[in-house]
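Dear colleague,

Please find below the structure that I am handing over to you, together with its sequence. My notes on it follow.

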Amino acid sequence: MSDAGFTIRLAGLEDAEAVSGLLRASYPPLMAAGYPADVLERALPAMMKANPLLLRSGTYHLAVTADGAADSAIVGCGGWTREPPGPPCQPVDPKVGHIRHFATHPGYLRRGVGSALLGRCIEEAGVAGVRRLECLSSLVAERFYASAGFHPVGRRSVILAPGVQFDSIVMALDLPPTAG
């Protein structure tokens, strides 16, 4: 997929450091609009690390600049899983998917990076039989998810570490049944 100077590709374990770098570049400036500095100081270290489970999932994607292999840079990331975020071994509903760990480099905002990644996830999840996608949106990303048809269904504080909670908006998108 090529759009506005970037392509979308699957992520792998070899992308861990680059994804962590993107998260470090993206989250501090973008989250500042919705959270107090003391909350971010405690929460961001846990949020800015690439998740190996996501990188191995086969459903986590990267937006990469189309400057050529040697000069390409990761400018966006995001994916989906059937497993919900949080502690392992939670119940899995095969009809529900979860949007996971999205970020766009601040220099690439409003260029379609996040929308392309989210569109890929919505399409893949629908083909895989998912009927509802849910996400834990940060307070600053609610409009982004709403623009793709997600609607708020509640609030949740995510516990990132002992004594570290991060407020989020639970959002959902019902997917139409696939033909066939």
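Just after helix α4, Gly 129 adopts a positive phi of about 95°. Helices (H or I, at least four residues) and strands (E, at least two) are DSSP runs, numbered from the N terminus.

Before the details, a word on the basis of these notes. This is a predicted model, in which local features need pLDDT of at least 70 and side-chain atom pairs count only at pLDDT 80 or more, while totals for chains, interfaces and linings use all residues. Residues are numbered from 1 along each chain as its sequence is written, and side-chain values use heavy atoms, with hydrogens and water left out.

**The chain as a whole**

The chain has 5 helices and 8 strands, and along the sequence they follow the pattern β-β-α-α-α-β-β-β-α-β-α-β-β. The radius of gyration is 16 Å, close to the 16 Å that the globule rule gives for 180 residues, so the chain is as compact as a globular protein of that length. That radius is taken over C-alpha atoms, and the globule rule is 2.2 Å times the number of residues to the power 0.38. The C-alpha trace spans about 45 × 40 × 30 Å along its principal axes.

Of the 180 residues, 41% count as buried. Buried means under 20% relative accessible area, exposed over 50%, and partly exposed in between (1.4 Å probe, protein chains only). The chain exposes about 9200 Å², of which carbon and sulfur atoms supply 57%; accessible areas come from the Shrake-Rupley method with a 1.4 Å probe, and for residues only the protein chains shown count as cover. Among contacts with a separation of 6 or more, 65% are between residues 24 or more positions apart, a contact being heavy atoms within 4.5 Å.

**Strand β5 and its partners**

Strand β5 (residues 96–104) is mostly covered, with 8 of its 9 residues buried. It pairs with strand β4 (residues 74–81) in the antiparallel sense over 5 bridges, and Gly 79 stands opposite Arg 100 of β5. Two strands are taken to pair if DSSP finds at least two bridges between them. With strand β6 (residues 132–137), β5 pairs in the parallel sense over 4 bridges; there, the bridge partner of Ile 99 is Cys 135 in β6. The chain crosses from β5 through helix α4 (residues 113–127) to β6, and this β-α-β crossover is right-handed. Right-handed here means that, with the strands pointing away from the viewer, the path from the first strand over the helix to the second runs clockwise.

Most residues other than glycine have a negative phi. His 101, in strand β5, has a phi near 45°, a positive value in a residue other than glycine; His 101 counts as partly exposed because its relative accessibility is 21%. Arg 110, in the loop between β5 and α4, likewise has a positive phi, near 65°. At 82% relative accessibility, Arg 110 counts as exposed.

Helix α4 has 15 residues and reaches 22 Å from its first C-alpha to its last, close to the 21 Å expected at 1.5 Å a residue; the expected span is 1.5 Å times one less than the number of residues. Its buried residues include Val 113, Ala 116, Leu 117, Cys 121 and Ile 122.

Phe 144 lies in helix α5 (residues 142–147) and is partly exposed, with a relative accessible area of 25%. Phe 144 and Thr 178 are 34 residues apart in sequence and 25 Å apart in space, C-alpha to C-alpha.

**Strand β8**

Leu 173 lies in strand β8 (residues 164–174) and is buried, with a relative accessible area of 12%. Its contacts, not counting residues up to four places away in sequence, include Ile 122, Leu 133, Ala 148 and Phe 150. The C-alpha atoms of Leu 173 and Ile 122 are separated by 9.0 Å, although these residues are 51 apart along the chain.

Ser 168 is also found in strand β8, and at 3% relative accessibility Ser 168 counts as buried. Leaving aside neighbours within four places in sequence, Ser 168 is in contact with Leu 136, Ser 137, Arg 155, Arg 156 and Val 158.

With kind regards
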